[in-house]
Amino acid sequence: MEYTTAFPKSVCLPVLMLFAIGNITFATAQTKESKRRIASEYSARNLSSVRARFIKEFDAKQIKLNAYAKANGLKLSEKLATGEDVSLVDIGEDGTPLYYSTFSDNTSAISRANTLYEGGLLDLGISGEGMQVGIWDSGVALPTHQEYNSRATITDETSTISDHATMVLGTMISSGVKSKAKGVAYSATAITNDWSSDKVEVISAAADGLLLSNHSYGIQPTNVPDWYFGAYIQVSQDWDEIMYNAPYYLMVTAAGNAQISKYNDDPIYGTNSDGFDLLLGFSTSKNGINVAAVDTNVDSDGNLKDAEVASYSSLGPIDDGRIKPDIAGCGANIYSSEATDNTSYDTYTGTSMAAPGITSTMLLLQEYYANLNSTYMKAATLKGLVLHSADDVNEKGPDYKMGWGVINAKNAAEIIKNDEFSSLITEETLIQDETYTYTIEAEEGETLYASISWTDPAGTYINKGELNNTTAALVNDLDIRITDENNNVYFPWKLNAKAASADATKGDNLVDPFEKVEIENASGTYTITVSHKGEITNNIQNFSLIVSNVSLTTCTATAPEEISIATVEETEITVDWKTIEDAFYEVQYKEENSEEWTTLFPEENTIQLEGLTVGSTYEVKVRTNCSMNIFSDYSTVKTFVFNGLATDTNFELTTEELAIQEQLKYTVYPNPTVEQIQINGELSDNAYYSIVSSSGTILKNGKVDDDEAIQVNNLSSGLYSLTIFEDGEQHSMKFIKN
């Protein structure tokens with residue numbers, strides 16, 4: 001069945017430039033109502049069931065951990081000499097004690113998020129106002145720090161203030177009391193919690209509408225057996241289950257800083273000195289975003305000049321071959337808040353700072369999308385957009401070092417703005433045994449990009465001790481293909497974990513819940529097809545399709561021309577203008593001295609302006625809309641005086657037979673090229689006329705010609721009075737010449 005839709009180097013350098021693509025601001029804060037709408041799409045029963053199971057497991061685990069620590073003379077938590085916070089959080093099924101640790105090389109990523117700010121390169125006025133982000137860490141951030149105090153709320157019962165959490169939160173929401181410490185989403189609010197019951201607390205927050213949370217910690221790699229690296233384990237499955245049941249919620253994790261530490265002696269590829277196969281725990285989940293750190297330079301126009309993975313950043317792959325890390329952010333020399341007191345700061349570097357930079361950048365993208373669409377993106381859409389729009393560093397597809405490349409908020413925002421014009425963002429549903437197709441025209445000579453992203457059900461296989469097991473965690477295997485007019489088929493990128501340093505290839509991707517197709521120098525018509533293999537869980541899978549560098553309309557965003565008054569009635573006029581192909585329009589009009597414009601949205605190049613007052617002066621302007629977000633400047637304002645139907649259009653001149661020609665019934669003369677006013681009937685030899693401007697200046701006068709015609713071809717556009725004098729009688733009327 002088928003359904004078809006037609007149509008280390010230097011530090012990171014944020015650059016503020018002026019270049020507007022549209023600055024529209026609406027009230028789109030995460031209000032109680034907006035959170036309620038998100039929650040209404042979730043299964044409260046499923047979330048409640050998962051939460052209850054996690055609570056039961058957590059309570060049992062605490063008893064087990066306390067007993068283990070006591071028996072082995074261990075501390076449940078401590079700060080190491082290296083500065084890392086560590087806590088015993090679980091005992092693996094193989095008896096391995098599992099510690100969560102912060103990543104001691106600390107860091108941040110701005111990655112062109114600044115282009116969304118007021119005065120930034122895109123000048124969108126986006127700063128996180130009204131948006132909320134979550135942070136889970138070794139403890140809570142110092143909530144009274146001067147950079148965010150009232151905007152940070154502790155929502156669990158911990159009283160442990162964490163330096164690491166304070167630094168991470170500052171990267172996200174610091175207001176810029178000290179300008180160089182300004183966070184990415186500097187107007188946002190945050191909830192801050194410790195990691196002890198992170199899964200339980202995240203379920204509650206997600207059920208309340210939380211969109212994003214940051215987790216700059218993970219399983220400490222020091223003493224775990226090698227099979228843990230890259231493995232899909234219980235905690236990986238748990239987080240996938242949370243995100244599947246709360247499809248607007250997205251977890252962001254840091255890759256860690258173990259690349260040169262040689263922890264894994266049996267990686268799936270190469271040797272321990274190559275640095276591959278180092279991701280652990282929830283970093284191997286399918287549905288979240290895992291963040292690498294990158295050393296990079298960005299020029300004044302927001303273009304990536306060069307980039308390479310930071311020497312400390314942990315590399316993938318996942319054992320089943322999935323592309324992880326997903327994305328990379330700058331992680332060098334980031335100045336942020338510190339927990340010593342309310343005015344203390346420090347400088348940090350590492351993936352713990354790269355992750356919150358990505359998290360808060362995505363929060364800004366959610367804000368911008370909601371501004372334009374009055375709703376938020378699902379997590380799969382947001383994740384897909386970020387991966388789709390990233391800078392491919394080597395232009396060879398994804399890799400196991402930086403995933404899909406360096407995050408580019410500017411590219412992502414432009415895709416949002418150009419939706420239904422030169423890009424497409426759509427959330428669809430694939431039913432068992434169905435395919436989805438979409439036909440598009442490529443933007444001539446550009447690279448055509450199309451990708452699908454979906455939140456996959458939790459994996460059914462959990463590794464419990466097998467080294468480098470390649471069983472796929474993917475449950476619902478969706479596929480994207482693009483076919484051109486000659487029936488050539490284009491496949492998505494994929495990687496091979498057994499050849500982790502090799503370039504990406506194109507073919508049938510069997511493991512990733514994100515697939516992207518690229519066609520260089522595209523031309524003509526293409527058909528995008530989304531299908532699936534095997535059985536789909538519950539016979540249905542939601543997915544998000546993102547396409548860029550396409551031509552979805554022939555409309556050109558140019559201001560309408562030749563605006564004129566077509567007809568006049570007693571209380572209304574009809575305005576028209578030169579048509580623009582495939583466009584709809586926005587018309588605004590008002591009385592001359594009024595502050596408020598009345599706005600209308602006609603689909604054709606004509607509109608009636610109603611409820612006008614005779615004798616009043618009005619202004620009207622028109623702009624072209626090519627899509628919801630793409631529109632031209634307004635036309636030049638057209639001014640007219642409304643006089644309704646002239647009450648004396650059939651006045652007698654000397655006899656009952658004499659009258660002004662019928663077109664002069666209208667005070668607005670409809671033809672801008674008219675050369676004369678024709679008088680019906682015969683006038684005496686003593687018939688004279690006078691044409692006076694609106695300011696009272698006599699512009700023309702004289703005797704009416706023998707053919708009873710009054711020449712007006714040399715009059716400019718404006719309001720005039722015409723008076724005819726005959727044998728002591730005079731009759732006047734006003735008219736407008738366009």
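Mentor: Keep in mind that the model is predicted.

Trainee: How far apart are the sulfur atoms of C555 and C626?

Mentor: A disulfide is a covalent bond between the sulfur atoms of two cysteines. Here the sulfur atoms of C555 and C626 lie 1.9 Å apart, and the cut-off for calling a disulfide is 2.5 Å. By that rule the count is one disulfide.

Trainee: Which parts of the chain does the pair link?

Mentor: Distant ones, 71 residues apart. C555 sits in the loop between β25 (540–548) and β26 (564–568), and C626 in the loop between β31 (617–625) and β32 (638–641).

Trainee: Are C555 and C626 buried or exposed?

Mentor: Both C555 and C626 are buried.

Trainee: Now the sheets. What is the order of the strands in the open sheet of four?

Mentor: Strands of a sheet pair through backbone hydrogen bonds, either parallel or antiparallel. In this open sheet the order is β2-β3-β4-β9, and the pairing is antiparallel. The edges are β2 (77–79) and β9 (217–219); each has a single partner strand, so one side of each is left without a neighbour in the sheet. From one strand to the next, the twist averages 25°.

Trainee: How many bridges join β4 to β9?

Mentor: Three bridges join β9 to β4 (residues 97–102), and the two strands run antiparallel.

Trainee: Which helix lies across β3 and β4?

Mentor: Helix α2 (residues 44–71) does, running at about 110° to β3 (85–91).

Trainee: Which residues of helix α1 are buried, and where do they point?

Mentor: An α-helix has 3.6 residues a turn, so residues three or four places apart point the same way. In α1 (residues 32–40), S34, K35 and I38 are buried. Seen down the axis of α1, the buried residues fall within an arc of 100°, so they line one face of the helix. Those buried residues pack against β5 (132–137).

Trainee: What does the side chain of N287 reach?

Mentor: The N287 side chain reaches the backbone oxygen of D456 at 2.8 Å. Leaving aside residues up to four places away in sequence, N287 touches several residues, among them D240, Y244, K383 and W454.

How values were computed: Residues numbered from 1 in each chain as written. Predicted model: local features only at pLDDT ≥ 70, side-chain atom pairs only at ≥ 80, totals over all residues. Heavy atoms only, no water. Buried < 20%, exposed > 50% of the residue type's maximum accessible area, 1.4 Å probe, protein only. Polar contact = N/O pair within 3.5 Å; in protein donor to acceptor, adjacent residues only side chain to side chain. Contact = heavy atoms within 4.5 Å. Pairing = 2+ DSSP bridges. Axes fitted to C-alpha atoms, helices over the stretch in contact; angles between N-to-C directions. Arc of directions from axis to C-beta.
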